[in-house]
Amino acid sequence: MAPPTSSNLLKHETSPYLLQHADNPVQWRAWNDATLAEAKASGKPILLSVGYAACHWCHVMAHESFEDEATAALMNELYVNIKVDREERPDLDAIYQAALAMMGEQGGWPLTMFLTPEGAPFWGGTYFPPSPRFGRPGFADVLRGVAAAYRSKPDQVRQNVEALTGALNRRAAGDAGGGVSIATIDAVAARLAQEVDLIHGGIGGAPKFPQCSIFALLWRAHLRAKAGAAVDFRHAVTLTLDRMCQGGIYDHLGGGFARYSTDARWLAPHFEKMLYDNAQMIDLLTLVWQETRSPLYAARVAETAGWLMREMTAEGGAFAATLDADSEGEEGKFYVWAADEIAALLGADAAFFADAYDVTPEGNWEGRTILNRSKRMLLGDAAHEARLAQCRDILFTARAERIAPGRDDKVLADWNGMMIAALTRASFVFERPDWLARAQAAFAGAVALLDRDGRLGHSYRAGRRQDVAMLDDYAQMARAALTLFEFTGDDAYFVRAQAWTATADRHYWDDAGGGYFFTADDAPGLIARTKHAHDNATPSGNGAMAEVLTRLHLLTGETRHRDRAEAVIGAFSGELAKNFFPLSTLLNAAEFMARPLQIAIRGPRGAAATAALLSAVATSASLPNLVFSVLTSDATLPASHPAYGKGMIGVKPAAYVCEGPVCSPPITDPAALMEDLRRR
């Protein structure tokens, strides 16, 4: 028997976001077959509200409307109300965000969509205030108006539904083209560089997001550029990273980057911290550090890794998803300071600290201070930084006594994959075996919680596994497995990567148009299967899969993987003529496929001489297209590998650096290997 429709059913869920709304007077349901059957039986339209636990404006709308008895009564009378955690069900969020965009509206969270009882969208928006303001209608007026239109204008509703569902299905067809050349990528990079704010860094004005995939593309363009190139890609990237690393978007006491800045100067963030943002920042900072040797970037990577291991461990050793922006009902309260607090805690060092971190009696944000070092981009000398570190430790200890923001401890496959890969690569570059061990533990934990006979679940929390998985889950976990394989030599990771890729090929591949669908062919309850290569807050699954397939081709020599990678890029390359802005991950994968750098080191992995060659690879140069293998005397490369058949030089381990079909002579001296890689 169906549960009574007079109650809020979210108390039966495990998502922290859904549980935040379990006591609302709104009769919320989760998205499931029973809820959709209830909607069909009632004849009422569905009000779908999508958000996530760390979302500030989601909290605002909840306090203003969903906790209000009169508004809740109106919602309950007119709608079947469904609450969705976009982190738990990104497949649903993708469909309805796309539908909102097709209405000409800016997407985001909270997402507020009105659906037919069958789940088809016909109107929507994002945040609605309780009464008209910000140029937006009041929520109660929206509720009444949409319900009246649904009853009195069925033909118009049907036309909207048909137009939107038709457009969603056409969008899934993709936009095939003839592939992507390096010249095209260079042209895109030059155009994107024009959007960079050359005063504060970042793309455009406020609000500003990290846009790591774009800046990785610009960094790659810098590495390809000839001396005297017309565009200074290097400056665009380092300016942006310097400003973010020293700005208020970074937590200078606890480590980690917030989701985005509300202003153009990277000062005032929405204070939520997301696992995926920090994974991308670790990756990008590590890559750029390999050339710049910036102590600032090294510090931010280490501090962010420290935050990750201190605060983001979830069940089984995997990584948790997010930290909230709010505490005690106030945005940023945990993170901001008054000048007199700092003076009391630091005493004689208060003025010194205040000068470095922009602390003033009037504050820099709503009468309080967001700590930042934007006044000076460069770090001070060792004594200066040591003194500041002592001050930060005092403030960090004091801050720990405050009520901390909420943590969403869901384990998400794709986000864990991103962080595992980033932490593994950083462990190699910065020679931190403890980071590698932590990445391995997270991988083992994520697999134990999420993998069932080769099929991944998307999320896990409190004993419940979300069985529906997306392309991004397979792409990012396979990418993590391959990264671990390259840096540890453990074949078990390679086997996992191959198995997950095979599952993606079996259940997500579009035989008709090429590329991968976002959802599996056996995923239940969706009105459309989306397919795209756009980066959103996270890199696109198709772009990540193109990288995975290319890496598999290079490691196995199997041309079917390269053929499929080319098919992925070809399936979406036609979009470059329309909108290249969100395609950076796909373009980065295309460059990787065209210009891989393969390094084979022949020698026992544990030997000191082999370790010295590995250290030279890690610290020689920025190598975004690196694929490397460490091979004992009895291990073989695929016959197609340009270093096939090459071995040690006597008893000395040797490195072979290969571009295309040509390898360097054997290199046994670490300094010579560093010089060779820097020349390249």
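How many Å apart are the mean positions of the 65 positive and 80 negative charges of the chain? They are 3 Å apart, where Lys and Arg count as positive and Asp and Glu as negative, with His and the chain ends not counted, and each charge is placed at NZ of Lys, CZ of Arg, CG of Asp or CD of Glu. This is a predicted model, in which local features need pLDDT of at least 70 and side-chain atom pairs count only at pLDDT 80 or more, while totals for chains, interfaces and linings use all residues. Residues are numbered from 1 along each chain as its sequence is written, and side-chain values use heavy atoms, leaving out hydrogens and water.

**Overall form**
- The chain has a radius of gyration of 26 Å (taken over C-alpha atoms; the globule rule is 2.2 Å times the number of residues to the power 0.38), which agrees with the value near 26 Å for a compact globule of 680 residues.
- Along its principal axes, the C-alpha trace of the chain spans about 85 × 70 × 50 Å.

**Burial**
- Buried residues (under 20% relative accessible area, with exposed over 50% and partly exposed in between, using a 1.4 Å probe and protein chains only) make up 59% of the 680 residues.

**Asp-414**
- Leaving aside neighbours within four places in sequence, Asp-414 is in contact (heavy atoms within 4.5 Å) with His-458, Asp-472, Asp-473 and Gln-476.
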